[in-house]
Amino acid sequence: MNPLPYAHLGRTADNELLLDGVPLSRVAEDFGTPTYVYARNAIESAYRALSNAFGDRSHQICYAVKANSNQAILALLARLGAGFDIVSGGELARVLAAGGAPHKIVFSGVGKRRDEIEAALAAGIGCLNVESAAELARISGIAHAMGRIAPISLRVNPDVDAKTHPYISTGLKDNKFGIPIEHAPALYRQAARDPHLDVVGIDCHIGSQLTDVTPFSDAAQRVLALLDQLVLEGIELKHLDLGGGLGIRYTDETPPTATDWVHAVVNIVDAHPIARHLPIYLEPGRFLVGPAGVLLTRVEYLKPHPTDGKSFAIVDAAMNDLMRPALYSSVMAIEPVTPHPNGPTATWEIVGPVCETGDFLGHARNLALQQDDLLAILGAGAYGFSMASNYNTRGRPAEVLIDNGQCHVVRPREPAESLWANEIIPAHLL
Ligand code: LLP
């Protein structure tokens, strides 16, 4: 098996790491570190793999913006025909700014504010995925006041175990997400009678980084059982939204392919006499952008332990740039950009400069390292930059998109002064 987990990564004859044919050492030289680097090709091929897996079957891919919301990435997905799954007014504005089509936007999230609902209705978005009875009432009231009819789905919680990290599991009855599936028929009945609401679909999302298709099929089955109840009540739907969550390979996972995922849900949905006529919406985030990105970082110092303790490689990226290892104990592959094939290998803790013991990017990695070496953290295209913070007054990394052999800066590194530019010292303190 290719020791590099993704097809768009490669090495030159002298072992230099390439992303879509571009040497990452050149990217570091031109743009500095830490830098997120994304391959347009990889995003497009993931999108096409998913879309093509549907064949002629009607569907809509709504990219989960939270995974990576850079304007360039939203724009390139919009050009491919993607819709968008958003969770805030901020994401709505971002998608519209990048040229996303409002009618292909679905709005998820348990805590939509009034102003966010107003903005969504004013923009003419495709669907609000409603997560509680209280939210349904609020949306109805706002639609009434605005003289609009709000398109809604109920996001149901099917109580399916996604068998993923507890922080990113969302479809269990103890999670805050969605409406318990057994409460949904009564709420659908209420919504169908409401002149300010247009019931357009059913929605569910059970979790993220799923490495098995069974929970997806189980959730689809439960959604169809609910559909049967709605049909009996004369409630007609226009789409079925089965959420996102397809996992990727970070190290040795063997996630389903795009085809496995699509076939697993289509086989179930198309066996249903009514559901087979409805478009299927999916809300993938990680699958589309995760493998496409690396976080490029440089070793600042090596701190080998003189006896038998831990040895630390201190790099210039930190938990504020890439939170996944610190937050979820995620294990992400770390590859040397310019390896030393004959160098002595040691076991390193790969850590950042932030003043927290939790600031690590990788534990116990066997690498032949030297000071100033470049490392690439793989699978960093999703939930990398989008979760970055300015903790320790660290400007967030630059973002670079590789497109057809050319590097485009799609967000420059944040200069330190920009981090306090909006802060105000009251006059009496000056
Ligand atoms: N739809 C909804 C309603 C969601 O809540 C999510 C993710 C998605 C779609 C997209 O899921 P995906 O296809 O990317 O798995 N920060 C975590 C992941 C959080 C996912 C939250 N919801 C991580 O870094 O692993």
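Me: How is the shell around the ligand divided by class into nonpolar, polar and charged residues?
Reply: This is a predicted model, in which local features need pLDDT of at least 70 and side-chain atom pairs count only at pLDDT 80 or more, while totals for chains, interfaces and linings use all residues. Residues are numbered from 1 along each chain as its sequence is written, and side-chain values use heavy atoms, with hydrogens and water left out. Ala, Val, Leu, Ile, Met, Phe, Trp, Tyr, Cys and Pro count as nonpolar, Asp, Glu, Lys and Arg as charged, and the others, Gly among them, as polar. By these classes the shell has six nonpolar, seven polar and six charged residues.

Me: Which residues come nearest to the ligand?
Reply: A residue counts as near if one of its heavy atoms lies within 4 Å of the molecule. There are 19 residues around the ligand, and those that come nearest are S208, E283, R324, Y328 and Y383.

Me: Which residue has a side-chain N or O atom 2.4 Å from an oxygen atom of the ligand?
Reply: A polar contact is a pair of N or O atoms within 3.5 Å. A polar side-chain atom of Y328 is 2.7 Å from a ligand nitrogen atom, and a backbone N or O atom of G245 is 2.8 Å from a ligand oxygen atom. The side chain with an N or O atom 2.4 Å from a ligand oxygen atom belongs to S208.

Me: What share of the ligand's accessible area does the protein cover?
Reply: Accessible areas come from the Shrake-Rupley method with a 1.4 Å probe. On its own the ligand has 590 Å² of accessible area, and the protein covers 93%.

Me: Where does the ligand sit?
Reply: A pocket is an open set of points on a 1 Å grid over the protein atoms alone, where a 1.4 Å probe fits, with protein on both sides within 12 Å along at least five of seven lines; lining residues have an atom within 4 Å of a point. A molecule sits in a pocket if more than half of its atoms lie within 2 Å of its grid points. The ligand sits in the largest pocket.

Me: How many charged residues line the second largest pocket?
Reply: The second largest pocket has a volume of about 380 Å³. Its lining has 15 nonpolar and five polar residues, and the number of charged ones is none.

How values were computed. Points joined across faces, edges and corners; volume = space filled by probe spheres on them. Polar contact = N/O pair within 3.5 Å; in protein donor to acceptor, adjacent residues only side chain to side chain.
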